[in-house]
Amino acid sequence: MDLAQIFANNQLWIEEKLKTDKDFFKNLSLGQSPKVLYIGCSDSRVTAEELMGTKPGEVFVHRNIANMVPNTDLSAMSVINYAVSHLKVNHIVVCGHYYCSGVKAAMQAEDMGILNPWLRNIRDVYRLHKDELSGITDEEAKYKRLVELNVQEQCVNIIKTSDVQKAYKERDFTVHGWVFDIHTGKLIDLKIDFDNILKEIMEIYRII
Ligand code: CO
């Protein structure tokens, strides 16, 4: 891609926005009050705002390799803290995607250097769900299921934070697990039973 094209695209985008609303950027500069925090994969094919059809100001976004929420990752934890306790979002979405290279790498025996500790979080998800996964003989089906289970476990990691436990008590607040299917473009709600997971794990993870 020609980087000069990006600046040309940006100019066209500005003109397009101002054509429909001359105060578009003035209004953007006033602040943000998104209702949704989206945590997704950095994969260039999974474009967050574009696939959801959302406008600037509507979604707070965090992306990293394989849409992870490691408990000690300062970046993910800061994003959650800011979105939940300051912006007061009502929803957190973890959106994985089928054919995620990060998840694939965690299924293989290969030394990936600095990526090893990051991908180990996915290997831990595999270990937690080993009984189910080892029962799946089709490799592609197993790969897709690990993508879904990884989303579920990252949702659980979100529920472990004090910001989220507080928000759940105080207001209308839900965590959602979604998967984007690259083959069809479809966004799939995994319908993770947030209330039930909460009940099951709060005995261990309750901190407020
Ligand atoms: Co990915």
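1. Helix α6 contributes the most to the lining of the largest pocket, with five residues. The structure is a predicted model, in which local features need pLDDT of at least 70 and side-chain atom pairs count only at pLDDT 80 or more, while totals for chains, interfaces and linings use all residues. Residues are numbered from 1 along each chain as its sequence is written, and side-chain values use heavy atoms, with hydrogens and water left out.

2. The largest pocket has a volume of about 230 Å³. Its lining consists of 14 residues, and Asn 71, Asn 121, Asp 124, Asn 157 and Lys 160 lie nearest its centre. Two or more lining residues come from each of α6 (115-128) and α8. By class, the lining comprises five nonpolar, five polar and four charged residues. Here a pocket is an open set of points on a 1 Å grid over the protein atoms alone, where a 1.4 Å probe fits, with protein on both sides within 12 Å along at least five of seven lines; lining residues have an atom within 4 Å of a point. The volume is the space filled by probe spheres set on the points, which are joined across faces, edges and corners. Ala, Val, Leu, Ile, Met, Phe, Trp, Tyr, Cys and Pro count as nonpolar, Asp, Glu, Lys and Arg as charged, and the others, Gly among them, as polar.

3. The second largest pocket holds about 180 Å³ of space. The elements giving two or more residues to its lining are α9 (162-170) and α10 (194-205). Of the elements, α10 gives the most, with five residues. Among the lining residues are Ile 159, Tyr 168, Phe 194, Met 202 and Arg 206. The lining divides into seven nonpolar, one polar and four charged residues. Helices (H or I, at least four residues) and strands (E, at least two) are DSSP runs numbered from the N terminus.

4. The structure holds five aromatic pairs. One of them joins Phe 24 and Phe 25 edge-to-face, at 5.0 Å centre to centre and 85° between the planes. Rings of Phe, Tyr and Trp (its six-membered ring) pair if their centres lie within 6.5 Å; planes under 30 degrees apart count as stacked, over 60 as edge-to-face and the rest as tilted. Phe 24 is buried at 15% relative accessibility, whereas Phe 25 is partly exposed at 27%. Buried means under 20% relative accessible area, exposed over 50%, and partly exposed in between (1.4 Å probe, protein chains only). Trp 13, Phe 24 and Phe 25 form one aromatic cluster.

5. Tyr 99 and Tyr 143 also form an edge-to-face pair, 6.0 Å centre to centre with 90° between the planes. Tyr 99 lies in the loop between β3 (91-97) and α5 (101-105) and Tyr 143 in helix α8 (residues 139-159), so the pair ties together parts that are 44 residues apart in sequence. Tyr 99 is buried, at 18% relative accessible area, and Tyr 143 is buried at 8%.

6. The charged end of Lys 104 sits over the ring of Tyr 143, 4.6 Å from its centre. Lys 144 lies over the face of Tyr 98, at 4.7 Å from the ring centre. The criterion is NZ of Lys or CZ of Arg within 6 Å of the ring centre and within 35 degrees of the ring normal.

7. The whole structure contains zero disulfides, a disulfide being a pair of cysteine sulfur atoms within 2.5 Å. For Cys 95, the nearest cysteine sulfur is that of Cys 41, 9.5 Å away. Cys 95 is buried at 0% relative accessibility. Cys 155 is buried, at 2% relative accessibility.
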